[in-house]
Amino acid sequence: MFPNLSDDIKSIIARDPAARNGFEVFTCYPGFQAIMMHRWAHACWINQLKWIGRFISYVARIITGIEIHPGATIGHRVFIDHGFGVVIGETAVVGDDCTIYQGVTLGGTSLTSGAKRHPTLERGVIIGAGAQVLGSFTVGEYAKIGSNAVVVKPVPAGATAVGNPAHIVRKDENGRSAHLFAAYGVTPNGDDPLTKALHRLIDHAARQDEQIERMMAAMKDAGLCCPEMAEGDKLDTIQLNRMVE
């Protein structure tokens, strides 16, 4: 157990600039304490001491504000930062080197007892504050879930998902930056494809307006009679693009 504790402390110090030393992490970090107590509860659970496991989990929730079912599987060097309000369900699997922020739920949508109801996080996944990951599916290695996202379907490895319901805004195709740590799942320059699509539609509509105006002017110059129509407000592309942003 103690080598695992040492690795956990070192990983927290590496990912949290506010962590000054191992003693401070051991005594003052609820996420670390919740995982340490979960290991005791999980050991009881798998050895059929289920009530004791649940009781340890209950005490850990009172002390840390983090609820981890004793049946959940938690890997090595998992960091629950701040942690208050985190809920991890019975059949959830959290892989090595994952980071989970406050208010996250790894929940289940099925009521079938004994079935896999909760998500699986593979190695290095980052879940931003307030995100809800609901259902029995897999979030791939080094994927990132933005704060307050609601994820109800699988997320590919190396991808970034945001929104409600969550959609993929960035997928690392070459793997160069997939392993980089991003606090709260926020990836620099992670442009939303929906935003890009709206910008393109606005630009396309503006070009169409210009083309129609040129065609009307050419028809008038050629002496062709066109019925008069009331002019509407012109498309303000600058304002629309700002609204999309």
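The legends below describe an overview and several close-up views of one predicted model.

**Overview. The whole chain of the predicted model.** The chain has 245 residues, of which 42% count as buried, and its secondary structure comes to 6 helices and 15 strands. Among the contacts between residues at least 6 apart in sequence, 39% join residues that are at least 24 apart. The chain exposes about 14,100 Å², and carbon and sulfur atoms supply 58% of that area.

**View 1. Helices H3 and H4 in contact.** Two packed helices are described by the angle between their axes and the distance between the axes. Here the axes of helix H3, which covers residues 30–46, and helix H4, which covers residues 50–64, come within 7 Å and cross at roughly 170°. Because angles over 145 degrees count as roughly antiparallel, H3 is described as roughly antiparallel to H4. On the H3 side the residues that make the contact include Pro30, Met37, Trp40 and Trp45, while those on the H4 side include Ile52, Ile56, Val59 and Ile63. Sorted by class, the contact of H3 with H4 has 12 nonpolar, 4 polar and 2 charged residues.

**View 2. The largest nonpolar core and the surroundings of Ile100.** In soluble globular proteins, nonpolar side chains tend to be buried together. The largest nonpolar core of this model has 31 residues, and those with the most contacts inside it are Ile88, Ile100, Leu106, Leu121, Ile127, Val139 and Ile145. Helix H3 and strand E14, which spans 159–162, each supply at least two residues of this core. When residues up to four places away in sequence are not counted, Ile100 touches Phe79, Ile80, Asp81, Val86, Ile88, Val94, Leu106, Leu121 and Ile127. A second, separate core has 9 residues, among them Ala19, Tyr29, Phe32 and Met36.

**View 3. Thr91 and Gly114, each in a loop between two strands.** Thr91 has its place in the loop between strand E4 (87–88) and strand E5 (93–94), whereas Gly114 lies in the loop between strand E7 (105–107) and strand E8 (120–121). Thr91 has a relative accessible area of 17% and is therefore buried, since the cut-off for that word is under 20%. Gly114 has a relative accessible area of 76% and so is exposed, as values over 50% are given that word. Leaving aside neighbours within four places in sequence, Thr91 is in contact with Ala115, Lys116, Arg117, His118 and Pro119. Although Gly114 and Glu90 are 24 residues apart along the chain, their C-alpha atoms are separated by 9.7 Å.

View 4. Most residues other than glycine have a negative phi, and most peptide bonds are trans. Arg77, in the loop between strand E2 (73–74) and strand E3 (79–80), has a phi near 60°, which is a positive value in a residue other than glycine. His82, found in the loop between E3 and E4, likewise has a positive phi of about 60° although it is not a glycine. Arg77 counts as partly exposed at 22% relative accessibility, and His82 is also partly exposed, with a relative accessible area of 48%. The peptide bond from Asn164 to Pro165 is cis, with omega near -5°, and Pro165 has its place in the loop between E14 and strand E15 (167–171).

Notes
Residues are numbered from 1 along each chain as its sequence is written. This is a predicted model: local features need pLDDT of at least 70, side-chain atom pairs count only at pLDDT 80 or more; totals for chains, interfaces and linings use all residues. Side-chain values use heavy atoms; hydrogens and water are left out. Axes are lines fitted to C-alpha atoms, for helices over the stretch in contact, and angles run from 0 to 180 degrees between N-to-C directions. Helices (H or I, at least four residues) and strands (E, at least two) are DSSP runs, numbered from the N terminus. Angles under 35 degrees count as roughly parallel, over 145 as roughly antiparallel, 65 to 115 as roughly perpendicular and the rest as oblique. Contact means heavy atoms within 4.5 Å. Ala, Val, Leu, Ile, Met, Phe, Trp, Tyr, Cys and Pro count as nonpolar, Asp, Glu, Lys and Arg as charged, and the others, Gly among them, as polar. A nonpolar core is a set of buried Ala, Val, Leu, Ile, Met, Phe, Trp, Tyr and Cys residues joined through side-chain atoms within 4.5 Å. Buried means under 20% relative accessible area, exposed over 50%, partly exposed in between (1.4 Å probe, protein chains only). Accessible areas come from the Shrake-Rupley method with a 1.4 Å probe; for residues, only the protein chains shown count as cover.
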